[in-house]
Amino acid sequence: MKVTTPIDVIKTRIQANPESLGNLTFVQATRRILSEPNSNEGDDNGDDNGGGGYSILLGGLGPTVVGYGLEGAAKFGLYETLKPIFSSLLWTTTTTTTTTTTTATAVSTLTTAAVSTTSSTVLPYFMASVVAGAAASLILCPMERTRIRLVTDPNFAASYGLFDGLQRIVQEEGISHVFSGLPAMLSKQVPYVSTRNNFVWYCRL
């Protein structure tokens, strides 16, 4: 996600300023943002540098790295941790079908066992993915809220970083506002994590 931070900055600025940037192409919007005066510099000595500079494209890098790092650890780590737990709770074996057909060949027996094992893991693995995706969304929401504030408010970015910025947002807007984007985050992360994790696992079979 560090590589895509400049793209995220431009996208966020376009969404936050549709009047001035909404009618521009991505390249035009990038040039406009880079040419904007940087309110963080030159205020004390009256010297304006004439533009925000390329460093503005790295706005919100801290929340991006920390947020998506924790999110990745949650959606993969929790998934692997919860798979055996949900399997033990919901395990319904169907492998007895392999012992009732004594005349089946060895190949067909192994095939039946593989299908039985796969079918018995679909539900628990899917549930593990859903819980992991929900937990990842819960972790990512505060980081994304802080990132957006740092990108769209230069004065805020000049005074605060990741952790003190998040604390300031909670003080100003309340803890509930930090998670105001959770429904949208859940609608994106849960389907993605569920599909991705299970697809990769079943491709290994």
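Tutor: Before we start, buried means under 20% relative accessible area, exposed means over 50%, and partly exposed lies in between, with a 1.4 Å probe and protein chains only.

Student: Okay, so what share of the residues count as buried here?

Tutor: Of the 205 residues of the protein, 33% count as buried. Keep in mind that this is a predicted model, in which local features need pLDDT of at least 70 and side-chain atom pairs count only at pLDDT 80 or more, while totals for chains, interfaces and linings use all residues. Residues are numbered from 1 along each chain as its sequence is written, and side-chain values use heavy atoms, with hydrogens and water left out.

Student: How many helices and strands are there?

Tutor: The protein has 10 helices and 0 strands, where helices (H or I, at least four residues) and strands (E, at least two) are DSSP runs numbered from the N terminus.

Student: Let's take helix 1, then; which of its residues are buried?

Tutor: In helix 1 the buried residues are Thr-5, Asp-8, Val-9, Ile-10, Thr-12, Arg-13 and Ile-14.

Student: And at what angle does helix 1 pack with helix 3?

Tutor: Helix 1 and helix 3, which covers residues 26-35, pack at an angle of about 90 degrees with their axes 10 Å apart; the axes are lines fitted to C-alpha atoms, for helices over the stretch in contact, and angles run from 0 to 180 degrees between N-to-C directions. That makes helix 1 roughly perpendicular to helix 3, since angles under 35 degrees count as roughly parallel, over 145 as roughly antiparallel, 65 to 115 as roughly perpendicular and the rest as oblique.

Student: Which residues make that contact?

Tutor: Ile-7, Ile-10, Lys-11, Arg-13 and Ile-14 of helix 1 meet Phe-26, Ala-29, Thr-30 and Ile-33 of helix 3, with contact meaning heavy atoms within 4.5 Å.

Student: Switching topic, where does Gly-60 lie?

Tutor: Gly-60 lies in the loop between helix 3 and helix 4, and it counts as buried because its relative accessibility is 8%. Leaving aside neighbours within four places in sequence, Gly-60 is in contact with Arg-147, Leu-150 and Val-151. Gly-60 and Val-9 are 51 residues apart in sequence, yet their C-alpha atoms are 7.8 Å apart in space.

Student: Is Arg-147 buried or exposed?

Tutor: Arg-147, which lies in helix 6, is buried, with a relative accessible area of 4%. Not counting residues up to four places away in sequence, Arg-147 touches Asp-8, Thr-12, Gly-60, Pro-63 and Thr-64.

Student: What about Leu-150, which residues is that in contact with?

Tutor: Leu-150 is also found in helix 6, which covers residues 106-152, and at 10% relative accessibility Leu-150 counts as buried. Apart from neighbours within four places in sequence, Leu-150 is in contact with Gly-60, Pro-63, Phe-156, Ala-157, Tyr-160 and Gly-161.

Student: Last one, how far apart are the axes of helix 4 and helix 10?

Tutor: The axes of helix 4 (residues 61-90) and helix 10 (residues 182-203) are 11 Å apart, and the two helices pack at an angle of about 55 degrees, so helix 4 and helix 10 are oblique to each other.

Student: Which residues of helix 4 meet helix 10?

Tutor: On the helix 4 side they are Glu-71, Lys-75, Phe-76, Tyr-79 and Lys-83, and the residues they meet in helix 10 include Gln-189, Tyr-192, Arg-196 and Trp-201.
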